[in-house]
Amino acid sequence: MLAPTATLGSARDSRVGDGALAVANLSAGAKPLGSFQRVAETRTGVACAPTDPPNDMSSATTTAPSHLEHQFDDAQQQRDAATTGMWLFLATEVLFFGGMFLGYTAYRIYYPRAFAEASRHTLIAFGGTNTAVLVISSTVMAFAVRAARENRQRIVATLLWITASLGMVFLVIKGCEYAKEISEHLLPGRSFHIEASDPRHAEMFFYLYWLMTGIHALHVTIGVVLITIFAFRAWITDAFRNHDTPVDLLGLYWHFVDIVWVFLFPLIYLVNRHG
Amino acid sequence: MITQAPPQPEPPLTSHQSPLTYLNVRHTIRSWLLTTDHKRIALLYMVSITLFFFIGGAAATLMRLELLTPQGDLVTSETYNKLFTIHGVVMVWFFLIPSIPTVLGNFLLPMMLGARDVAFPKLNLASWYLFMAGGAFAVFSIITGGVDTGWTFYTPYSSTYANGHVIAMAAGIFIAGFGSIATGLNFIVTTHKMRAPGMTWSRLPLFVWSLYTTSIILVLATPVLAMVLTLMALERAFGVGIFNPALGGDPLLFQHLFWFYSHPAVYIMILPGMGVVSELIPCFARKKIFGYHFVAYASVAIGVLGFLVWGHHMFVSSQSIYAGMIFSVLSFMVAIPSAIKVFNWTATLYKGSIWFATPMLYALGFIGLFTIGGLTGLFLASLAVDVHVHDTYFVIAHFHYIMVGGMVMAYLGGLHFWWPKISGRMYPEGLAKFSAFTIFAGFNLTFFPQFILGYLGMPRRYRVYAPEFQVLNVMSSAGASILAVGYLLPLAYLLWSWKYGKVAGPNPWRATGLEWTTASPPPKDNFQTTPIVTEGPYDYDAQAAEEEWEHAHA
């Protein structure tokens, strides 16, 4: 789950011989003109001065896109940095969920019978439907990312609306499932009650179930909010015209949320269900 | 490091205006609290961690006072428990882990790479706010009664029996942890994507290599800490067992998850210090670093191995003996890259033209104290010896030699070295040398007796001890008072020099490295033009330095 090597190379390395480009882009920033010319003057007579800075800076100013932040030289560098950052963030998320998966695995190995029995009390119809909903939403998101790359703003907005709606459907179904489980006394705590040979460890199963699906649902909620905001922006503004990186990264996040569920579903609902 | 760009000229001067630097570009409080300039964020961190350092130091002072006598006559046992918890939590999460990365790292990383800023400046500022929010929770928990679990929060004590605001403290660490993750992420992306043209991986200063490895650990280990603290806090809040054996849980699982973070965290604390020393030694020996690639890859090796040794904290915690053996062997292996570094630093000194300026004194202090701390770590990594000294003062002395003798020395060394860059002023050299010696002497007097105490069997975390331990404890407390003076001195003279110190100029040490090619203090965007790098770092000439010295003193 680490960043692919393709995004990890340095964009700036490739421009070693490109001094002119770096200087030209730099001059598009907030440098006082006077000092810049002084640099050029002091440079005369330096044997290995790479290139003379261009006197005409208008070209550099016009080519810099409006979303380019001052610390970056060009849009490609900004895009690479953002993408690498997103993959690293997802790596931290993997480790975050990893702690819970480790706890779940350890206790399932300790108490296989209790966990199998408890697993049979989960509501597989809800879980199964939700898996389908989330996988479909991820597919729609993939199309939205593609549409953003092709600069089709209306389609991006529509597809994002659909993705967000499917995310909402997931949350509603999950909510109904939680409500039903509470009514069946499957929420750990005082009212917890289960017909099982080892109720204490069955309760532990449900504790882990609520925790893991709860934190996952929190991620889904954040995703739905973000996707809704993005859909609005794509619909109303030109924010993503010629600038599809944010949509791309949102897509990565949404696929991550999806993939966590793809691991959660079999671990919680399917393991030893008919054993 | 030679760059093709000419020396950076001072920004344009009008007749009665000082040059525009990152410090005087704006003066409002708002411009500091909402800054996205990595240099200003570094200063925000510097002020904050200094504050936390003195909170943690105050707790340690009270502990050392209590330990002057074998009886418990100053504080109650409960208060003593809270004191060592405050000391541990504050020093680990609110001073040591952020210290070098967030202060010196934030300030220097973009400049060493030839960049205008880190990759995500807003995220950088958000890290500081997360750090401060976490700190606020921790201070709240301290003021409203404290926590007595020790910094390790072992379950089931912390999740079931402990009094005090364990959840608030855990929340503070959780939030500050996300600040750490954001910093680490930012540094990794910056190192990958923000390097100046020509700045290849094997031309990176070694400080950058060590920050890079540290960041990887921050990003991969901290989420696990966040998870384990969440589980512990939930168990405490709702009484659902995951670690409490009375509820069917396993306390060992907590220790596994906790040390999976907290052992790599030791390397978060020491690797940046090693990076600083790798910068100081070549500069003050006027010699190219010996074995650049070995030192660089040793950082990475320490980072990787550091993830595989957590079980050595659990030798006596009912972990399987076979797991113990494997963790023991892996722990020994960490000594190899650490020793590579020490040998390479020593080899760099050989035939160098050594200049005993204050930063060099700290660097040499680091090498000696780190070696003692590292070698006693091998005692603890040996299964049989660990059973004897486990949870004694031997352990305390060992990790203070690494953390204080290593990391704090390196932090102070780096702070003195780059102080002219940060403030534009020189610190008073004589006073600085005096305080460096004071710290070295005070440190050894404080912690060396603790090795003996631990070996003789004095357990950690008790305020009452057998009378025969008193002499060594009095020595230790006396050393602590010297150490306190040693720490207060730099605070005073650095503050003084901020305004009254001698103007430093761009490169007072005549050091190589991109950060020295720009003005002191640097302009807001670091460089007037993006530098172009054509050579590796540490292009020093010891022979020329010797001849120059002889010429000057002829």
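In what follows, Ala, Val, Leu, Ile, Met, Phe, Trp, Tyr, Cys and Pro count as nonpolar, Asp, Glu, Lys and Arg as charged, and the others, Gly among them, as polar. This is a predicted model, in which local features need pLDDT of at least 70 and side-chain atom pairs count only at pLDDT 80 or more, while totals for chains, interfaces and linings use all residues. Residues are numbered from 1 along each chain as its sequence is written, chains are lettered from A and ligands numbered from 1 in the order in which they are written, and side-chain values use heavy atoms, with hydrogens and water left out.

**The two chains**

Let us start with the overall picture. Helices (H or I, at least four residues) and strands (E, at least two) are DSSP runs, numbered from the N terminus. Buried stands for under 20% relative accessible area, exposed for over 50%, and partly exposed for what lies in between (1.4 Å probe, protein chains only).

Along the sequence, chain A reads α-α-α-α-α-α-α-α-α. Contact means heavy atoms within 4.5 Å. For pairs at least 6 apart in sequence, 84% of the contacts in chain B join residues at least 24 apart. In chain A, residues 24 or more positions apart account for 78% of the contacts with a separation of 6 or more.

**The second largest pocket**

Rolling a probe the size of a water molecule over the atoms shows where empty space is left. On a 1 Å grid over the protein atoms alone, a pocket is an open set of points where a 1.4 Å probe fits, with protein on both sides within 12 Å along at least five of seven lines; lining residues have an atom within 4 Å of a point. The second largest pocket holds about 1,200 Å³ of space, a volume being the space filled by probe spheres set on the points. It is lined by 35 residues, and the closest to its centre are A:G85, A:M86, A:F89, B:L123 and B:L185. Two or more lining residues come from each of α4 (75-110), α8 and α9 (245-270) of chain A, and from each of α4 (121-143), α6 (166-193) and α7 (206-238) of chain B. The most come from α4(A), with 10 residues. By class, this lining has 23 nonpolar, 8 polar and 4 charged residues.

A:A231 belongs to helix α8 (residues 199-236) of chain A and is buried, with a relative accessible area of 0%. Beyond four places in sequence, A:A231 touches A:A157, A:L160 and A:W161. Its C-alpha atom is separated by 8.2 Å from that of A:L159, 72 residues apart along the chain.

B:V334 sits in helix α10 (residues 321-349) of chain B, buried with a relative accessible area of 5%. Leaving out residues up to four places away in sequence, B:V334 touches B:Y267, B:L305 and B:V309.

B:S353, by contrast, lies in the loop between α10 and α11 (358-381) of chain B. Is this serine buried or exposed? B:S353 is buried, at a relative accessible area of 9%. Apart from neighbours within four places in sequence, its contacts include B:F284, B:R286 and B:A542.
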